[in-house]
Amino acid sequence: MTFHLRLAGDNNVAQPALTMPEREIHKYSRGHVLVVSGPVLKTGASRLAARAALAVGAGLVTLVGDRSALQEHAAHVTAIMLREFDPGHDPLDERVKAVAIGPGAGVTPVTQHNVLRLLQSSIPIVLDADALTVFSENNHILFNALKSLDVMTPHKGEFARLFPDLADEEVIPAALAAARRAGCVVLLKGPHTVIADPSGKWAVNKHASPWLATAGSGDILTGLICGLLAQGVNSFDAAAIAAWLHGDIGVRAGPGLTADAMPEFIPLVLQGCLQED
């Protein structure tokens with residue numbers, strides 16, 4: 001299965017193209033995603049991200065966390081694997097192709113430690129929510145650790161905490177400046193989501209819906225990006241395509257949409273992008 005980013009006029013993200021996977025494909029060739037769980041009683045956000053990564057096509061998805069959190073996950077998931085986070089061992093192996101951290105993680109020293117530890121790897125890391133906020137007082141530590149293939153997905157408040165001098169700028173110049181400063185892809189969420197990378201490339205996704213303004217919606221977006229990265233989509237394209245797919249869920253679902261229901265719409269969204277032979 002292959003995704004292709006398409007841009008219309010003014011760098012607007014258009015409906016991406018999706019081609020059928022080869023007959024010989026297997027789950028390991030579709031990529032393994034790791035999602036870092038939040039602590040017990042705060043596991044829902046990471047579970048939403050994991051469900052989205054699996055639905056968008058990652059071959060395997062594993063939630064990693066402490067035992068009490070995993071027991072909570074076990075009551076909710078079946079196809080998603082669970083692994084205890086051992087502080088003494090690297091949770092990454094050669095089959096892991098992308099990692100998401102931040103949803104429900106908590107603004108704690110442990111989260112900061114885990115982010116910096118994961119950023120030492122050569123694979124793309126998607127940072128959202130608490131994985132960003134935890135660096136509000138020492139953003140330079142985060143920026144020094146980020147790689148060009150990493151993706152951060154701040155909303156306006158998180159962006160202002162990391163880039164206070166850019167918060168009042170127009171969104172496209174602000175996102176571009178942030179991407180250059182951080183050295184990674186920046187997806188600045190909003191009614192019109194801006195995607196920028198350190199080279200100066202940018203795109204805007206206007207295909208969205210106000211029904212997406214619901215708790216957990218951003219966690220779904222994080223999972224979509226991570227799932228695309230695991231399948232080999234480059235970081236800028238993965239962020240832009242995921243923004244469009246996320247928006248299309250809102251367009252299709254309409255009133256009453258909740259994040260719990262969003263993964264169920266992903267197959268319909270992908271079917272609409274599928275290019276038949």
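This is a predicted model: local features need pLDDT of at least 70, side-chain atom pairs count only at pLDDT 80 or more; totals for chains, interfaces and linings use all residues.
## Helix packing

Helix H1, residues 44-55, packs against helix H8, residues 217-230, at an angle of about 40 degrees, and their axes are 7 Å apart. H1 is therefore oblique to H8. The crossing of these two helices, H1 and H8, is right-handed. On the H1 side, the residues that take part are Ala 45, Leu 48, Ala 49, Ala 52 and Ala 53, and they meet Asp 219, Ile 220, Gly 223, Leu 224 and Gly 227 of H8. Sorted by class, the contact of H1 with H8 holds seven nonpolar, two polar and one charged residues.

A second pair consists of helix H9, residues 235-253, and helix H10, residues 262-273, which pack at an angle of about 105 degrees with their axes 9 Å apart. This angle falls in the range of 65 to 115 degrees, so H9 is roughly perpendicular to H10. H9 contributes Trp 244, Leu 245, His 246, Asp 248, Ile 249, Arg 252 and Ala 253 to the contact, while H10 contributes Met 262, Phe 265, Ile 266, Leu 268, Val 269, Leu 270, Gly 272 and Cys 273. The residues in the contact of H9 with H10 comprise 11 nonpolar, two polar and two charged.

## Accessibility of selected residues

The table lists the relative accessible area of individual residues.

| Residue | Relative accessible area | Class |
|---|---|---|
| Asp 10 | 68% | exposed |
| Asn 11 | 26% | partly exposed |
| Asp 93 | 28% | partly exposed |
| Val 185 | 2% | buried |
| Lys 189 | 18% | buried |

## Loop residues

Asp 10 is placed in the loop between strand S1 (2-4) and strand S2 (17-19). Its phi angle is near 60 degrees, a positive value in a residue other than glycine. Asn 11 also belongs to the loop between S1 and S2, and phi of Asn 11 is likewise positive, near 60 degrees. Asp 10 is exposed at 68% relative accessibility, whereas Asn 11 is partly exposed at 26%.

Asp 93 occupies the loop between strand S5 (81-84) and strand S6 (96-101). A polar atom of the Asp 93 side chain lies 2.8 Å from the backbone nitrogen of Arg 95.

Val 185 is part of strand S9. With a relative accessible area of 2%, Val 185 is buried, because the value is under 20%. Leaving aside residues up to four places away in sequence, Val 185 touches Ser 148, Asp 150, Val 151, Met 152, Ile 195, Ala 196, Asp 197, Pro 198, Ser 235, Phe 236 and Ala 239. Between Val 185 and Ala 52 there is a separation of 133 residues in sequence and of 20 Å in space, C-alpha to C-alpha.

Lys 189 is located in the loop between strand S9 (185-188) and strand S10 (193-196). At 18% relative accessible area, Lys 189 counts as buried. A polar atom of the Lys 189 side chain lies 3.2 Å from the backbone oxygen of Thr 153. Apart from residues up to four places away in sequence, Lys 189 touches Asp 128, Thr 153, Pro 154, His 155, Lys 156, Gly 218 and Leu 221.

Technical notes. Residues are numbered from 1 along each chain as its sequence is written. Side-chain values use heavy atoms; hydrogens and water are left out. Axes are lines fitted to C-alpha atoms, for helices over the stretch in contact, and angles run from 0 to 180 degrees between N-to-C directions. Helices (H or I, at least four residues) and strands (E, at least two) are DSSP runs, numbered from the N terminus. Angles under 35 degrees count as roughly parallel, over 145 as roughly antiparallel, 65 to 115 as roughly perpendicular and the rest as oblique. A crossing is left-handed if the near helix is turned anticlockwise from the far one by less than a right angle, and right-handed if clockwise. Contact means heavy atoms within 4.5 Å. Ala, Val, Leu, Ile, Met, Phe, Trp, Tyr, Cys and Pro count as nonpolar, Asp, Glu, Lys and Arg as charged, and the others, Gly among them, as polar. Buried means under 20% relative accessible area, exposed over 50%, partly exposed in between (1.4 Å probe, protein chains only). A polar contact is a pair of N or O atoms within 3.5 Å; within protein, one must be able to donate a hydrogen and the other to accept it, and residues adjacent in sequence count only if both atoms are side-chain atoms.
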